[in-house]
Amino acid sequence: MLNTPSMEINNHLANRLLLVMIVFSTPALTSSFFRIFNIGFQPIMGIQITLYLIALLMFFFRERVLYKIKAYFITSCFLLLAIGGMIQFGLYGAGILLMIMYTALCSLLFNRISALISIAVGFIIISSIGFAYITGHLTYIVNAEEYHTSVNAWFLMLGTTIFVATNLYIVLTFMSSQYQQSLSELDKQVQLRTKAYEAEKIKAEEASEIKSQFLANMSHEIRTPMNGVLGVMQLLRLEHSNEKQTSLIDTAIFSANNLLRILNDILDFSKIEANKLDIENIEFELQPILDSIYSNVELDIKMKDISLNFINQTSKNLLWTGDPTRFYQVLLNLVTNATKFTETGTINVYIAQKNINGVSYLTSEVADTGIGMSSEEINKLFQNFSQADASNTRRFGGTGLGLAIAKRLATLMGGSLTVTSQKGEGSIFIFTIKSTPIISPLIEAKNQKITSNNSAPDWSNKRILIAEDNRINQRIICAMLEPSHAILRCVNNGKEAVDLAFEFKPDIVLMDIQMPEMDGVTASIELRNKQFNKPIIAFTANVMKGDVEHYLENGMNDCIPKPIDINLLYRTISQFF
């Protein structure tokens with residue numbers, strides 16, 4: 001439970017009073033020790049020493065002691081010392097002054113009722129001691145004549161004390177009232193501002209959720225036509241086109257993939273800002289990732305006539321733990337940037353495993369011979385929407401988000417992203433993630449690329465049911481699968497897929513997620529409830545970790561992201577045939 005401002009101020013006041021009491025008690029305690037030689041050791045001295053030590057301990061542990069305990073202790077100290085002083089030395093001694101201080105502190109530290117009760121107790125004690133002196137029932141321990149303790153003097157001192165105490169009470173209770181009123185107002189202001197802050201926080205969270213939903217919908221809407229563009233480009237490339245046509249098609253595919261990377265950067269940035277980006281920790285194979293990265297930039301390095309070399313210094317038969325999707329994303333960003341900013345020369349990517357303080361890291365070093373950067377440019381390199389040089393945006397393009405996202409992803413994966421560079425001499429980016437190597441039997445390359453219709457797998461007599469509401473996507477997915485000689489049937493929604501499944505008897509179902517009448521997840525649940533036991537593969541633009549987990553939990557076996565890559569399509573289906 002958090003303290004209110006008034007509690008904090010009261011606590012601070014009590015701490016100061018403790019310190020003042022300790023400071024002013026120190027010379028008094030020293031004086032008492034010296035007076036032992038004249039008047040002997042008196043009981044009040046023992047009380048004084050005990051209270052002094054308790055005050056010291058309470059001050060040293062002040063953060064753990066409640067305010068009320070400190071307040072009661074402070075007032076009790078003055079009351080005990082006052083009583084002891086009056087009994088020992090009479091009403092002319094320091095006891096009366098301590099009693100006045102006791103009444104003043106009660107007015108300041110407690111509310112009015114508590115202060116009145118405490119002051120009344122104090123005056124009853126003074127009156128009782130005075131009455132006992134007058135009637136002879138109490139005598140001073142110390143020689144009374146030394147302190148002029150006559151009856152007249154006692155009444156004079158009592159009247160003076162009453163006058164001073166009354167004035168102190170009026171003044172201090174007024175101050176206390178104003179003080180408490182100010183604290184009460186402060187508490188109200190803090191509560192109002194806290195409520196306002198919480199309301200603004202809720203609004204900001206709702207706005208963030210709306211933004212995330214908007215970006216997710218936009219992602220789906222953009223990826224759907226992009227699936228058509230990339231699908232057609234891939235199909236054209238499989239035809240027997242001449243070299244010039246192939247070059248043009250490759251350029252179109254490269255441009256479309258760049259557009260998708262920009263879209264992914266914006267979505268990732270939004271998720272990171274909202275703390276909604278999940279990091280997986282699964283086993284993955286390194287070589288297919290390196291092969292895929294090379295394929296992504298192959299066209300660009302050929303056009304520039306530069307070389308790209310992957311030097312994998314790890315064992316070939318190792319699996320690694322981590323998030324393969326995010327590892328691929330960061331390393332692809334670094335290699336793409338190196339390709340973009342290198343006009344001549346070489347790009348070398350060194351992959352190695354290092355142990356630092358007993359922790360295993362997978363390290364990727366991307367060294368290029370590109371334009372390089374100055375120290376000033378490096379300082380703003382990882383800022384959002386920023387590039388090292390503003391002119392680079394016009395010359396090379398880019399959102400300025402890639403490296404900012406890459407650095408955050410590296411941190412989320414338990415690693416780092418650093419850079420060293422000199423202007424005109426190239427740059428070296430070092431990217432690390434926490435990753436444990438796992439020895440695995442040597443796996444043959446599984447990423448065989450489909451380069452023509454003749455290289456498609458033969459799925460003669462295999463039946464594939466395709467549920468997709470977009471006509472263009474239907475044509476593309478069918479065109480991609482026709483070279484396999486599989487028997488294909490397309491339906492427009494999940495309901496039609498459920499109705500046709502037991503009549504068509506497919507060997508596998510390719511299921512879109514967002515469809516009218518019945519969506520893909522509901523259709524999958526319906527099929528499983530009806531004991532349909534063939535594989536169901538989702539193909540959708542919504543492929544974040546949480547989305548994929550949702551598909552798998554509801555009866556689907558795998559997921560293919562849109563835009564569909566023909567090689568990934570064949571590889572995924574091949575797992576079930």
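This is a predicted model: local features need pLDDT of at least 70, side-chain atom pairs count only at pLDDT 80 or more; totals for chains, interfaces and linings use all residues.
Aspartate 512 touches Ala467, Glu468, Asp469, Gly520, Phe539, Thr540 and Lys562, leaving aside residues up to four places away in sequence, where contact means heavy atoms within 4.5 Å. Residues are numbered from 1 along each chain as its sequence is written, and side-chain values use heavy atoms, with hydrogens and water left out.

Aspartate 512 sits in the loop between strand 11 (508–511) and helix 15 (520–529); helices (H or I, at least four residues) and strands (E, at least two) are DSSP runs, numbered from the N terminus. Is this residue buried or exposed? Aspartate 512 is buried, with a relative accessible area of 1%, buried being under 20%, exposed over 50% and partly exposed in between, with a 1.4 Å probe and protein chains only. In an unreviewed entry, UniProt lists Asp512 for "modified residue: 4-aspartylphosphate", and such annotations may be inferred rather than shown by experiment.

Let me turn to its partner. The side chains of lysine 562 and aspartate 512 are joined by a polar contact of 3.2 Å, that is, a pair of N or O atoms within 3.5 Å, where within protein one must be able to donate a hydrogen and the other to accept it, and residues adjacent in sequence count only if both atoms are side-chain atoms. Lysine 562 belongs to the loop between strand 13 (558–561) and helix 17 (566–574), and lysine 562 is also buried, at 3% relative accessible area.
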